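Have the sequence and the 3D view open as you read.

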Amino acid sequence: MITPHTPAPSPDTRPALVAGAHAPFLALLPARGHLLEAGCGAGEDLRLFRERGLMVTAFDASRAQAAAASRLCGQPVRICRFEQMRSVVPYDGIWASGSLPCLPEHEIAPALGHLATLLKAGGPLYASFPHGKGEPLPRSGEYPLQTRLDEAGLLRLVTPLPVTLHRHWCSEDGANGRWLHALLLRC
């Protein structure tokens, strides 16, 4: 009997997954904590965090991406930009994987500073950026990446903010190139 060939699912090559960023971030969160996913895209990380038992509030600037994430995870996703996000209760952690580089460079520090105001003292904030300094980025898709950061640029960015750099590292793969990952803690 001949069965139709079903192609294997394509491997998940999101930079945060490839870099192993979830484990060190999750290790800093309380069990069953409340997480904000800032710029959730289609919801892959949102789903992962919910499967781990976290309560997650998510937002995205794109109506289409927010709808896709909502369908994938079965929960509402807010449609707003970083500076529009508000919360009465601070979050235990904030996950901003690959979303901040969609902003022009001059908007990243204010966005990070605003996110920090939404975070409990000592809470982790994860962010990732294409690695580099000033090189142009390909402009495609709904979220054209606009900003690269290297280690020195990351330090300049976070020094005046109410966060400390807990850890940073780089990853590289064929699909995404080199990325800089930062795990920050709210002061």
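## Aromatic rings

How many aromatic pairs does the structure hold? There are 6 of them, in what is, keep in mind, a predicted model. A pair of aromatic rings is described by the distance of the centres and the angle of the planes. Take phenylalanine 25 and phenylalanine 49: their ring centres sit 5.9 Å apart with the planes at 55°, so this pair is tilted. The two come from distant parts of the chain, with phenylalanine 25 in helix H2 (residues 22-27) and phenylalanine 49 in helix H3 (residues 44-51), 24 residues apart. Both phenylalanine 25 and phenylalanine 49 are buried.

Phenylalanine 49 has another partner, tryptophan 95, and here the centres are 5.1 Å apart and the planes at 75°, so the pair is edge-to-face. Again distant parts of the chain are linked: phenylalanine 49 belongs to helix H3 and tryptophan 95 to strand S4, 46 residues apart. Tryptophan 95 is buried, as is phenylalanine 49. As for tryptophan 169, arginine 167 lies over the face of its ring, at 4.3 Å from the ring centre.

## The chain as a whole

Now step back. The chain has 6 helices and 7 strands, and from the N terminus on they come in the order α-α-β-α-β-α-β-β-α-β-α-β-β. Of the 187 residues in the chain, 50% are buried. Among contacts with a separation of 6 or more, 59% are between residues 24 or more positions apart.

Which residues have the most contacts inside the largest nonpolar core? They are Leu36, Phe82, Ile94, Leu100, Leu112, Leu115 and Leu125, in a core of 30 residues. Strand S1 (34-38), strand S4 (93-96), helix H5 (105-117), strand S5 (124-130), helix H6 (151-158) and strand S7 (177-186) each supply at least two residues to this core. H5 gives the most, with 5 residues. Apart from this core lies another, of 20 residues, including Leu29, Leu54, Val56 and Trp169.

Leaving aside neighbours within four places in sequence, leucine 100 is in contact with Phe82, Ile108, Ala111, Leu112, Ala127 and Phe129. Phenylalanine 129 is 29 residues away from leucine 100 in sequence, yet their C-alpha atoms are 7.3 Å apart in space.

Buried or exposed: which is threonine 57? This residue lies in strand S2 and, at 15% relative accessibility, counts as buried, because the cut-off for buried is under 20%. Its side chain has a polar contact of 2.8 Å with the side chain of histidine 34. Beyond neighbours within four places in sequence, threonine 57 also touches residues including Leu35, Leu36, Glu37 and Tyr91.

Leucine 36, from the list of core residues above, has its own set of contacts: not counting residues up to four places away, leucine 36 touches Thr57, Phe59, Met85, Tyr91, Gly93, Ile94, Trp95, Leu115 and Leu118.

An α-helix has 3.6 residues a turn, so residues three or four places apart point the same way. Helix H4 (residues 63-73) has the buried residues Gln65, Ala66, Ala69 and Cys73. Seen down the axis of H4, these fall within an arc of 100°, so they line one face of the helix. Over them lie elements including H3, strand S2 (55-60) and strand S3 (78-79). The face turned away from the buried side carries the exposed Arg63 and Arg71.

After H4 comes glycine 74, with a positive phi near 70°.

In H6 the buried residues are Gly153, Leu154, Leu157 and Val158. Down the axis of H6 they fall within an arc of 120°, so they too line one face of the helix. Their cover includes H5, S5, strand S6 (163-173) and S7.

Note on methods
Residues are numbered from 1 along each chain as its sequence is written. This is a predicted model: local features need pLDDT of at least 70, side-chain atom pairs count only at pLDDT 80 or more; totals for chains, interfaces and linings use all residues. Side-chain values use heavy atoms; hydrogens and water are left out. A nonpolar core is a set of buried Ala, Val, Leu, Ile, Met, Phe, Trp, Tyr and Cys residues joined through side-chain atoms within 4.5 Å. Buried means under 20% relative accessible area, exposed over 50%, partly exposed in between (1.4 Å probe, protein chains only). Helices (H or I, at least four residues) and strands (E, at least two) are DSSP runs, numbered from the N terminus. Contact means heavy atoms within 4.5 Å. Rings of Phe, Tyr and Trp (its six-membered ring) pair if their centres lie within 6.5 Å; planes under 30 degrees apart count as stacked, over 60 as edge-to-face and the rest as tilted. A charge sits over a ring if NZ of Lys or CZ of Arg is within 6 Å of the ring centre and within 35 degrees of the ring normal. The arc is that of the directions from the helix axis to the C-beta atoms. A polar contact is a pair of N or O atoms within 3.5 Å; within protein, one must be able to donate a hydrogen and the other to accept it, and residues adjacent in sequence count only if both atoms are side-chain atoms.
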